[in-house]
Every structure is written in C-alpha cells, then in structure tokens.
Amino acid sequence: MDKSNISKPTLRRLPVYLNYLKSLPAETRTISATSVAAALGLNEVQVRKDLSAASKNGGKPKMGYDVEQLKLDLAEFLGYRDTKSAILIGVGRLGGALLSFNGFEECGMHITAAFDNDPNKIGTSIGGVAIYDIRELESFCRTHGILIGIITTSPAEAQALCDKMLKSGLCAIWNFSTAHLEVPEGVIVHNENLAVSLAMISHALEEQFNK
C-alpha cells in the first residue's frame, strides 16, 4: 500500500482509531466508519477516507469493517509491527518517565539503552533499560545499528547532543527539548514541544469561557 501520499492530519488520526478499536469489548466483531466517527467526535466522511487510505480491506455494506483485521491493517500501516530500536539521552525526570513507560513496544519502538553523564546514574537502569556513559554513545549505536534517538535534556545541551547522535549514525530524532535543532537535509526531527501543547490547551480554554 502506498504511504507516500498520506497527509499528516490523517497520520495523526490513525493511532487514535487503533487505540479506540483496542478498547472495544472482545465480542465486537465488526464496526462501521459511522460508529467510529460518532465515538470519537469526528467527521464520518473523513474517518471513512482515513480508514480507506490505511486498510486494504474495505468496510462491507451494512456490516462495516472486521475489527481484528482493521486493527492489523492500521498497525501494519503505522509500522507498529516492525519494531525499531532507539536510544535516549538525558535521564532526568522526563527521561526517566519515558524509560518507565511500557507502551512504546505496542507502537513499534524499543528503547534499547539510555545515556547520561551523571556518574550516579551510569551503570544503573530504569524500566529494565540500562544507562550508559554518554562517551559510549557512538560505539553502542554503530554496534547495534540504532537509527532513532530521543533527546530529553535541557535546550542548552540539545544541539551538541543532536550532533553527537548524527555522528553516531542516527537519522531520526525525537526532540523533547525546546531547542530548535539544526540538522542536515534528510535527517528526520520530530519536536515534542510541551510548551506548545500547553499553549494550545490554554487558548482552547479561553475560547470556551469567552463564548
């Protein structure tokens, strides 16, 4: 199935559909796009288009989609069935929380190791993930073929660590710092900016109370 033309809004909605399908009672065999749209408060036409883009097994008239098959199709389309190894740099409170989170495996990512420069953390582990000296980053990543790096450090450190990741062969970075990272063309950077999310929530609240 061609994934090249999928829009970013659709890509953001697909995991929402998958999580909803996983929450359904085990006896639910089929479901319609109309039911999914109603449950999630989305436009029915948009949901139908999204599911058609991601599933090669279209819904049947008066029956809808086979739930188990649709879950498989969405997971495959999102790449969840092909587990990718990642490393994390910066084992502070946020980094530690991510290491303790056990939901990444379901989304096709496994954090193989974490790195820090704090001697009190090096040699320990969180959530079963060992913490290494940052000086071991390049050799570890090249030995294990790691392509994804997660940055959970302060903004001041982020760019230097990003450069170190790229030198280690990584080509995709999940950036939890607020720093704007400068990377060569072809390197994938996704910024998970909590301040932006909070600003959007605050704005929505203001609009709600000012109606």
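Predicted model: local features only at pLDDT ≥ 70, side-chain atom pairs only at ≥ 80, totals over all residues.
A nonpolar core here is a set of buried Ala, Val, Leu, Ile, Met, Phe, Trp, Tyr and Cys residues joined through side-chain atoms within 4.5 Å; buried means under 20% relative accessible area, exposed over 50%, and partly exposed in between, with a 1.4 Å probe and protein chains only. Helices (H or I, at least four residues) and strands (E, at least two) are DSSP runs, numbered from the N terminus.

Residues are numbered from 1 along each chain as its sequence is written, and side-chain values use heavy atoms, with hydrogens and water left out.

Tyr17 is in contact (heavy atoms within 4.5 Å) with Val36, Leu40, Leu42, Gln46, Val47, Asp50, Leu51 and Leu74, leaving aside residues up to four places away in sequence. Ala38 also lies in helix 2, but Ala38 is exposed, at a relative accessible area of 63%.

The chain also forms an open sheet of seven strands, in the order 5-6-4-3-7-8-9 and with mixed pairing. The edges are strand 5 (125-126) and strand 9 (188-191); each has a single partner strand, so one side of each lacks a neighbour in the sheet. Two strands pair if DSSP finds at least two bridges between them. Strand 8 (residues 172-175) pairs with strand 9 in the parallel sense over four bridges, and Ala172 has Ile188 of strand 9 as its bridge partner. Helix 7 (residues 155-167) packs on the sheet, touching strand 3 (84-89), strand 7 (148-151) and strand 8, and its direction makes about 165° with that of strand 7. For this angle, axes are lines fitted to C-alpha atoms, for helices over the stretch in contact, and angles run from 0 to 180 degrees between N-to-C directions.

In helix 6 (residues 137-144), the buried residues are Leu137, Phe140 and Cys141. They lie on the same side of helix 6 because they cover an arc of only 95° around the axis, taken from the directions from the helix axis to the C-beta atoms. Their cover includes strand 3, strand 4 (109-116), strand 6 (129-133) and helix 7. Exposed Arg142 and Thr143 are on the face turned away from the buried side.
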